[in-house]
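Subject: Structure for you to look at

Hello,

Here is the structure I said I would pass on. My notes on it follow below.

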Amino acid sequence: MCEEKLYILVVDDDAISNFVTVRHLKQFQALGHIQDFTNPLEALSFLQTEIESAKKLPDFILLDINMPQLDGWTFLDKMHELKISSPQVFMLTSSIYPEDSERSKNYKLVSGFIVKPLDRNKIQTHLNIV
C-alpha cells in the first residue's frame, strides 16, 4: 500500500530560518514536497495559481508572523479573501508574546503556534508526523 506523502509550504522572510526548517522537515519520510518562500506575496500568488489550475494545495503551511512585505496575520486575511481554506496553518515564529499565540486562535485555518527554532520534537508534537 502506497501512502501519499505530505506537502508542506514554508513562508518566512528569513532564508536561514527557512533552510533550518526545511532541513528538519526532510528528516521525515512521511514528507514529500517541501516548498519555501522568503516573500509572502510570492507565496500567496503561488497559492492562488495552484487553486486556479486545480493543483494540490499544501497539507500544511508553516507561516512566520513578522515579515516586512506582509505579516503573517495579513497573509491569513488574504488567504481568507482568496477563499483558501484547506491547508492547515501553523504559525512558526520567534514571537514569545502570549498575545500572538492567543490571536492565532482567532483564525480558523490556524492549527497551532510553534516557537522557533523548529526541531524534530516540535514537528512530531504539532504536525503529528513520525
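A residue counts as buried when its relative accessible area is under 20%. The model is a predicted one. With a relative accessible area of 2%, isoleucine 84 is therefore buried. Isoleucine 84 sits in the loop between α3 and β4. Leaving out residues up to four places away in sequence, isoleucine 84 touches Leu47, Ile51, Leu57, Met79 and Leu109. The C-alpha atom of isoleucine 84 is 8.1 Å from that of glutamine 48, although the two residues are 36 apart along the chain.

Next, the pair of helices α2 and α3. Helix α2 covers residues 40–52 and helix α3 covers residues 72–81; their axes are 11 Å apart and meet at an angle of about 20°. Angles under 35 degrees count as roughly parallel, so α2 and α3 are roughly parallel to each other. Their crossing is right-handed. On the α2 side the contact is made by Pro40, Ala43, Leu44 and Leu47, and on the α3 side by Phe75, Lys78 and Met79.

Last, helix α1, residues 15–25. Its buried residues are Ser17, Asn18, Thr21, Val22 and Leu25. Viewed down the axis of α1, these fall within an arc of 130°, so they line one face of the helix. They pack against β1, β2, β3, β4 and α5. The face turned away from the buried side of α1 carries Ile16, Phe19 and Arg23, which are exposed. At the N-terminal end, α1 is capped by aspartate 14, with a side-chain oxygen 3.0 Å from the backbone nitrogen of isoleucine 16.

Regards

Key:
Residues numbered from 1 in each chain as written. Predicted model: local features only at pLDDT ≥ 70, side-chain atom pairs only at ≥ 80, totals over all residues. Heavy atoms only, no water. Buried < 20%, exposed > 50% of the residue type's maximum accessible area, 1.4 Å probe, protein only. Helix = DSSP H or I, 4+ residues; strand = E, 2+ residues; numbered from the N terminus. Arc of directions from axis to C-beta. Contact = heavy atoms within 4.5 Å. Polar contact = N/O pair within 3.5 Å; in protein donor to acceptor, adjacent residues only side chain to side chain. Axes fitted to C-alpha atoms, helices over the stretch in contact; angles between N-to-C directions. Parallel < 35°, antiparallel > 145°, perpendicular 65-115°, else oblique. Left-handed = near helix turned anticlockwise from the far one by under 90°.
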